[in-house]
Amino acid sequence: MIITISWLKEHLKTKANEAKIIDQLTNIGLEVENTKENSGQLSDFKIAKILKAEKHPNADRLKVCKVETSKGNVQVVCGAPNAKSGMFGVFAPSDTYIPGTNINLKKSEIRGVESNGMLLSERELGISDEHEGIIEIDPKYNIGDSFADIYGLNLSLIHISEPTRLLSMEYSVL
């Protein structure tokens, strides 16, 4: 399980520093596998609005989306079933590293249609395994707002062992 320090501080209502929190997690029997600073990895991902989503002319499962970004409108070919006109989502411009798929996004042509970026799922962002569709953002946020800032993902992350792994470790010690 991966969680942020800010999330823990908010839910535990504490002002303790990272080292104190990690010590306490260990004291209650949780194995902290590692911690890492997450600043920068998600900084390129901004909120954008799908102005129009239409069926791709050469593919049944793809859509051609006109997307409003803080730097102007772009065309994106998208395979997400939930992409629709008026929806706010997370946008990655061309020349962005996509951490969940380990690719460097480039301007490309997909089945004869130019694509200048990507609308992202949680798996593509590397924050979960969810990939059934793109992330839908509450329209109360502004186009160009930082996804990482809105969701508190630009801070330190703590990786805690899964409980099943902890249980198997306990039995192996006995």
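Is Ser 121 buried or exposed? The points below begin with this residue and then turn to the rest of the chain.

1. Ser 121. With a relative accessibility of 4%, Ser 121 counts as buried, where buried means under 20% relative accessible area, exposed over 50% and partly exposed in between (1.4 Å probe, protein chains only). Ser 121 is located in the loop between strand 11 (117-119) and helix 3 (122-125). Helices (H or I, at least four residues) and strands (E, at least two) are DSSP runs, numbered from the N terminus. Setting aside neighbours within four places in sequence, Ser 121 is in contact with Glu 130, His 131, Gly 133, Ile 134 and Ile 135; contact means heavy atoms within 4.5 Å. From C-alpha to C-alpha, Ser 121 and Glu 136 are 8.9 Å apart in space and 15 residues apart in sequence.

2. Basis of the model. This is a predicted model, in which local features need pLDDT of at least 70 and side-chain atom pairs count only at pLDDT 80 or more, while totals for chains, interfaces and linings use all residues. Residues are numbered from 1 along each chain as its sequence is written, and side-chain values use heavy atoms, with hydrogens and water left out.

3. Overall composition. The protein chain contains five helices and 12 strands. Of its 174 residues, 34% are buried. Among contacts in the protein chain with a separation of 6 or more, 62% are accounted for by residues 24 or more positions apart.

4. Cysteines. How many disulfides does the structure hold? The number is zero, a disulfide being a pair of cysteine sulfur atoms within 2.5 Å. Cys 65 is in no disulfide, and the nearest cysteine sulfur, that of Cys 78, is 4.9 Å away. Seen from Cys 78, the closest cysteine sulfur is that of Cys 65, and the 4.9 Å between them is too far for a bond. Cys 65 is buried at 1% relative accessibility, and Cys 78 is buried with a relative accessible area of 3%.

5. Aromatic pair. One aromatic pair is present in the structure. Rings of Phe, Tyr and Trp (its six-membered ring) pair if their centres lie within 6.5 Å; planes under 30 degrees apart count as stacked, over 60 as edge-to-face and the rest as tilted. The ring centres of Phe 147 and Tyr 151 lie 5.0 Å apart and their planes are at 40°, so this pair is tilted. Phe 147 is buried, its relative accessible area being 3%, whereas Tyr 151 is partly exposed at 39%.

6. Helix packing. Helix 1 (residues 5-12) packs with helix 2 (residues 18-27) at an angle of about 75°, and their axes are 11 Å apart. Axes are lines fitted to C-alpha atoms, for helices over the stretch in contact, and angles run from 0 to 180 degrees between N-to-C directions. Helix 1 is therefore roughly perpendicular to helix 2; angles under 35 degrees count as roughly parallel, over 145 as roughly antiparallel, 65 to 115 as roughly perpendicular and the rest as oblique. On the side of helix 1, Ile 5, Leu 8 and Lys 9 meet Glu 18, Ile 21 and Leu 25 of helix 2. The residues of this contact comprise four nonpolar, no polar and two charged. Here Ala, Val, Leu, Ile, Met, Phe, Trp, Tyr, Cys and Pro count as nonpolar, Asp, Glu, Lys and Arg as charged, and the others, Gly among them, as polar.

7. Positive phi. Which residues other than glycine deserve a check of the backbone? Asn 102 has a positive phi of about 60° although it is not a glycine. Asn 102 is in the loop between strand 7 (97-98) and strand 8 (103-104) and is exposed at 57% relative accessibility. For Arg 111, phi is near 50°, also positive in a residue other than glycine. Arg 111 is in the loop between strand 9 (108-110) and strand 10 (113-115) and is exposed, with a relative accessible area of 54%.

8. Two strand residues. Pro 93 belongs to strand 6 (residues 88-93) and is partly exposed at 29% relative accessibility. Beyond its neighbours within four places in sequence, Pro 93 is in contact with Asp 44, Leu 105 and Gly 117. Glu 54 belongs to strand 3 (residues 46-55) and is partly exposed, with a relative accessible area of 44%. Not counting residues up to four places away in sequence, Glu 54 touches Leu 62, Lys 63 and Val 64.
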